[in-house]
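Morning, everyone. I'll take the pockets and the ligand site in turn. Have a look at the structure first.

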Amino acid sequence: MSASAEMPYFIKPSVNLTATEKEAAYVRAHAAIQATIGEEEDELLKMVTINSLLKTFLPYFYWVGFYLVRGEQELVVGPYQGTLGCLTIQFGRGVCGAVAASGQTKIVADTHALQQGKEHIACDPNSRSEIVLPVRRRADGSLLGVFDVDSTLTGSFDAVDQRWLEKILATF
Ligand code: SME
């Protein structure tokens, strides 16, 4: 199935927030995630909870989910909410692959400005900006995968998103 610009009935375009609204939304989302996860240790349960609650509280989260490390140099799509995600991504390819290879967070203000197929993989042409963070396990520092959030608007993500998402992803 190829990516289509038409949004399915259950997906809405993004709405950007002011800095104050964004901070307040993360406070609520973080509290809800903490309350739901509690002492849970199962990675899958944590991933689905984070996806669902972030998408509930942050109205610019169009696609939210995890790509998981498989083997040495490959990511496979994990739990997500949004339109159909690409199934596999090689390390070094696209934003997710670059973050998996470097271990450094990337914020992209305009995905269409990137070289398509190389610097950015357009699973869904509606994605216009994104943030991708590495996800490491606290126990041994191993790379679980990357966390990818896409918005249909340009410039949705900044250092505030990075700070809150790092705090939330520290649960692994
Ligand atoms: N944004 C990614 C591809 C994954 S989809 O957006 C779900 C990238 O270029 O790495």
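**Pockets, cavity and ligand**

Start with the second largest pocket: its lining is F10, I11, K12, P13, S14, V15, K55, L58, P59, F61 and Y62. A pocket here is, on a 1 Å grid over the protein atoms alone, an open set of points where a 1.4 Å probe fits, with protein on both sides within 12 Å along at least five of seven lines; lining residues have an atom within 4 Å of a point. By class, that lining has 8 nonpolar, 1 polar and 2 charged residues. Ala, Val, Leu, Ile, Met, Phe, Trp, Tyr, Cys and Pro count as nonpolar, Asp, Glu, Lys and Arg as charged, and the others, Gly among them, as polar. The space in this pocket is about 170 Å³. Volume means the space filled by probe spheres set on the grid points, which are joined across faces, edges and corners.

A word on the model. It is predicted: local features need pLDDT of at least 70, side-chain atom pairs count only at pLDDT 80 or more, and totals for chains, interfaces and linings use all residues. Residues are numbered from 1 along each chain as its sequence is written, and side-chain values use heavy atoms, with hydrogens and water left out.

Now the cavity. A cavity is a set of points where the probe fits but cannot get out. The whole structure has 1 cavity of 30 Å³ or more. The largest cavity holds about 170 Å³ of space. Its lining counts 19 residues, and I121, C123, E130, D148 and D150 lie nearest its centre. By class, that is 9 nonpolar, 5 polar and 5 charged. α3 gives the most to this lining, with 3 residues.

Where does the ligand sit? In the largest cavity; that takes more than half of its atoms within 2 Å of the grid points. Around the ligand are W63, Y67, G94, V95, C96, H120, I121, C123, E130, D148 and D150, each with a heavy atom within 4 Å. β1 (63-70), α3 (94-102) and β6 (143-151) each supply at least two residues of this shell. Helices (H or I, at least four residues) and strands (E, at least two) are DSSP runs, numbered from the N terminus.

Which atoms come close to ligand oxygens? A backbone N or O atom of V95 lies 2.8 Å from one. For I121, a backbone N or O atom also lies 2.8 Å from a ligand oxygen. D150 uses a polar side-chain atom, again at 2.8 Å. Taken alone, the ligand exposes 310 Å², and the protein buries 98% of that, by the Shrake-Rupley method with a 1.4 Å probe.

Technical notes:
A polar contact is a pair of N or O atoms within 3.5 Å; within protein, one must be able to donate a hydrogen and the other to accept it, and residues adjacent in sequence count only if both atoms are side-chain atoms.
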